[in-house]
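Subject: The structure, with notes on its pockets and ligand

Hi,

Here is the structure we talked about, ready to open in your viewer. My notes on what turned up follow below it.

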Amino acid sequence: MKFFADNFKQQFPLFAQPENRDLVYLDNAATTQKPACVIQAISDFYLHTNANTHRSSHRLARRATEMVEKVRRDAARFLGTASPREIIFTRGATEGLNLLAHSLCSRLSPGDEILLSTAEHHANLVPWQMQAASRGLQLRFVPHTGGIPQFERIAEVLSPRTKIVSVTAGSNALGLRTDLPALRAALSGQDLFWVLDGAQLAAHDRVDVASIGCDFFVCSAHKFYGPTGIGLVFGREELLQELPPWQGGGEMIASVDLLASEYAELPHRFEAGTSSLASIAGLGACMDFLEKQDRVAMAMHEQSLVHALHEKLGQIPGLNLLSRGEHNLGIATFTHPRCAAIDLAQWLDGRDIAVRVGHHCAQPLLRAAGHTATLRASVAAYNSDEDIERFVAAVQEFLAHLEVEDAVPVREVHAPVADGSWSPDDLSSLDVAALRNKKSWQDRYRSLMAWARFVSRKDGIRSPENLVRGCESSAWLVHRCERGVHRFAIDSDSRVVKGLGALLLTLLDGKPSGSVSREQVQEVFDELGLAQQLSESRSNGFRALLERAFELMGA
Ligand code: PLP
């Protein structure tokens, strides 16, 4: 069946706002946009239902309680279980994993093993690390190549001491789906708890925990068009019955005495305090909304987008695609040797194309693959072929622009010194007035990137003591005073940071103390319109460079 992405998109009011009409939103693995019915349900909750649940005996409290328990029943159906007692509301997948790590590990003995994978989101690593450290447990990892887990080899690392296997159903950094039937077969008959992090999977597939066969499953509503602040934990009832609660407080008790308490029945014993009630209302609307969609046609549409993404990106010379189009949860991740991922993301932002850059909360995976940051584009069902075309065209445009830049020979201004000593770059031909006279921001941005070419690579200064804290990309700044004037040298992986550094040093390098103030430099930055056009973190990065430079000058 054909899926009409345009009709689907029309249900998302954010895209209809005048400032968002041209937006290409490809940051869906981080969070999705919300349909009108979800926004309405949250507002309706506060307009018509707002009261705390369970504890009060008035009309509104009853209504709020009924709403929460109805959404719980719907959530049970949504995840493929018959029993709402197996559904726990949390703030999100992270809280769900913390809950499970705490409760499950309290059943283990020192030396017991928890098996994870190298492709986990930090949310499925750190809670287990914390438990392992405090209880003397061992963390083990599925064999991998370059960070990509080889789940087919899981038997090699299972041992009689493996008590918990907690792995992703699909990587948020690479989009790689885990082969769940194969994993189920490998784990069947083992005396352990199987936890599945379904944060990305639930955004793209109908989930059926019964057929998956896991013991526990976690997800976050905001990844599948629902509100932030609400997530689900599924746990098999006979297992949950045996587990101690995680947090203590109101709602999770049957009775409280001064020295001990009796806990409430499932699932309430795992829900201490007031839940995110409006978000639960939004989650209910979101699940209704998804129920009405043709999920198979939706998934096919997403698959065709992700295939197109990989095919088109794969044709760009030199581009290093870390993800693959097959078995993929809507994610393309890549680097390019010509540019820092952050510079490309900034360029895309200038064209109103939203992507994400960084380690994607999967540092071990990226490190094993030899990267610190990649650019990630992730699709949802409201994306169109045109979105993919605009994105790829903008990537190509940026790279073509850099190619032209790089073809212009730069005057070799000094011999780079590798032993920690350095010489300043010759920035004398850089003209701030000419930069100011550029008509558009895009022209100024291009010029700044051209300026970056005057900043040579200086391996000798790339050391922790020269690193400027507060810059989004690594930047190193050094200084000395020579015959009464201040001399500087800068280096960075990012062209934009180098360009900004060149701008700063044009104003400061070779000047005597007291001849330029912080305010004057900031004024130039503001006059150029950089503060409005650069991301906030980039502007903060410039301020960090500025502060460090004045600190080094003793000003
Ligand atoms: N697990 C995976 C695979 C994720 O992608 C994310 C979020 O990106 C999480 C866990 C954590 O989800 P949340 O931040 O909603 O708690």
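A cavity here means a set of grid points where a 1.4 Å probe fits but cannot get out, and a residue lines it if one of its atoms lies within 4 Å of a point. Please keep in mind that this is a predicted model.

Which residues line the largest cavity? They are Thr53, His54, Val68, Arg72, Phe89, Glu251, His268, Glu271, Gly273, Thr274, Ser275 and Leu277. Sorted by class, that lining comes to 3 nonpolar, 6 polar and 3 charged residues.

Next, the overall layout. The protein is divided into domain 1 (5–26 + 293–403), domain 2 (37–246 + 277–291) and domain 3 (410–552). Between the C-alpha centres of domain 2 and domain 3 there are 47 Å.

Four elements, α11 (341–350), β15 (353–354), β16 (356–358) and α12 (363–368), each give two or more residues to the lining. The top contributor is α11, with 5 residues. By class, the pocket lining has 12 nonpolar, 14 polar and 6 charged residues. Why does the largest pocket lie between domain 1 and domain 3? Because both domain 1 and domain 3 give residues to its lining.

Finally, the ligand, which may be what you want to look at on screen. Around it you will find Gly92, Ala93, Thr94, His121, Ala123, Asn172, Asp197, Ala199, Gln200, Ser220, His222 and Lys223. This shell divides into 3 nonpolar, 7 polar and 2 charged residues.

- Ser220: 2.6 Å
- His222: 2.7 Å
- Lys223: 2.5 Å

Taken alone, the ligand exposes 390 Å², and the protein buries 85% of that.

Best wishes

Terms used: Residues are numbered from 1 along each chain as its sequence is written. This is a predicted model: local features need pLDDT of at least 70, side-chain atom pairs count only at pLDDT 80 or more; totals for chains, interfaces and linings use all residues. Side-chain values use heavy atoms; hydrogens and water are left out. A residue is near a molecule or strand if one of its heavy atoms lies within 4 Å of it. A polar contact is a pair of N or O atoms within 3.5 Å; within protein, one must be able to donate a hydrogen and the other to accept it, and residues adjacent in sequence count only if both atoms are side-chain atoms. Accessible areas come from the Shrake-Rupley method with a 1.4 Å probe; for residues, only the protein chains shown count as cover. Ala, Val, Leu, Ile, Met, Phe, Trp, Tyr, Cys and Pro count as nonpolar, Asp, Glu, Lys and Arg as charged, and the others, Gly among them, as polar. Domain bounds come from an automatic or database domain assignment. On a 1 Å grid over the protein atoms alone, a cavity is a set of points where a 1.4 Å probe fits but cannot get out, and a pocket is an open set with protein on both sides within 12 Å along at least five of seven lines; lining residues have an atom within 4 Å of a point.
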